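Student: I would like to go through this model with you, one question at a time. Where should we begin?

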Amino acid sequence: ALGILDKELKPVPEDERERQADVVLLDSYIGDMLDGADVAAELRSCGFTGIIAMLTGKSGEEADALRALPCIDVVFEKGSAPMHMATCILNIMSRKTVRAEMSASGCEHKSAGVPPSLGLTTLAPPTPSRSLKCVAIDDEEVPRMMLEVLMEMYLDADMSISATLGATLEEQRAFVDVALGVRDGALLPVGEGDKHVPADVVVLDENIN
């Protein structure tokens, strides 16, 4: 994780050492001899600056105790959906990057959700009267993950009615219907007696398939 050993566990010469891992995924229980929280603390004490995510079978107060540890960025219960985990990790990476850039430039960013480069540090973003319905499309997996981050974490979208599509030709063809509220996020037709709710925000990839 620190780049001192390569993936075959061979020492890396100091002048050839690779960068640290960007993200470390730890089990909270690593056999009888290792505890995930102890490993996380050791990583931080050795200068690890990346994201530490913890997987745990614990719940309730035990899981909350792990989340309270300063050496751990995020805790996932085992069985969490990979997309949810990726979305959370990408969001943390984004926030850390913004904070690092602000620190390096000596700027104070007072307005949540507005990048300092926009010069809007004294303005607060408008607050919608309700959560937004967002529909996005991209035919590649990683950009779709980033769109999930944008919608859920930055636009505070209602993810029960929002959708990120484009993985299949069927989704690409149904995108307009989903954006217009004629179909739902699962591509099922919305009944004639039900209210068709069009998207508040649509995000399109320039080159779709």
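Student: At about what angle does helix H5 run to E6?

Tutor: In this predicted model, H5 covers residues 169-180. The helix lies across the strands E6, E7 and E8. Its direction relative to E6 is about 160 degrees.

Student: Which strand does helix H4 run against at about 165 degrees?

Tutor: H4, residues 141-154, also lies across E6, E7 and E8. The angle of about 165 degrees is given against E7.

Student: In what order do the three strands of the open sheet stand?

Tutor: The pairing in this sheet is parallel. Strand E7 (163-165) and strand E8 (201-204) each have a single partner strand, so they stand at the edges and one side of each is left without a neighbour in the sheet. Neighbouring strands are turned by 10 degrees against each other on average, direction ignored. The order is E7-E6-E8.

Student: Which residue of E7 is the bridge partner of Val135?

Tutor: Strand E6 spans residues 134-137 and pairs with E7 in the parallel sense. That pairing runs over three bridges. For Val135, the partner in E7 is Ala163.

Student: Is Ser28 buried or exposed?

Tutor: Ser28 sits in the loop between strand E1 (23-27) and strand E2 (29-30). Leaving out residues up to four places away in sequence, it touches Asp35, Gly36, Met54, Leu55, Thr56, Gly57 and Leu66. Its relative accessible area is 7%, and a residue counts as buried under 20%, so Ser28 is buried.

Student: Where in the chain is the pLDDT below 50?

Tutor: The mean pLDDT of the chain is 79, and 82% of its residues reach 70 or more. Helix H3 (residues 82-105) has the lowest confidence, at a mean of 74, while H5 has the highest, at 93. Where pLDDT is low, the predicted coordinates should not be read in detail. The stretch below 50, which has 19 contacts in the model beyond near neighbours in sequence, is residues 108-126.

Student: How many helices and strands are there in the chain?

Tutor: From the N terminus on, the elements run β-β-β-α-β-α-β-α-β-α-β-α-β. The chain has five helices and eight strands.

Student: What share of the accessible surface belongs to carbon and sulfur atoms?

Tutor: Of the 209 residues of the chain, 30% count as buried. The accessible surface of the chain comes to about 13600 Å². The share belonging to carbon and sulfur atoms is 54%.

How values were computed
Residues are numbered from 1 along each chain as its sequence is written. This is a predicted model: local features need pLDDT of at least 70, side-chain atom pairs count only at pLDDT 80 or more; totals for chains, interfaces and linings use all residues. Side-chain values use heavy atoms; hydrogens and water are left out. Two strands pair if DSSP finds at least two bridges between them. Helices (H or I, at least four residues) and strands (E, at least two) are DSSP runs, numbered from the N terminus. Axes are lines fitted to C-alpha atoms, for helices over the stretch in contact, and angles run from 0 to 180 degrees between N-to-C directions. Contact means heavy atoms within 4.5 Å. pLDDT is the predictor's confidence in each residue, from 0 to 100. Buried means under 20% relative accessible area, exposed over 50%, partly exposed in between (1.4 Å probe, protein chains only). Accessible areas come from the Shrake-Rupley method with a 1.4 Å probe; for residues, only the protein chains shown count as cover.
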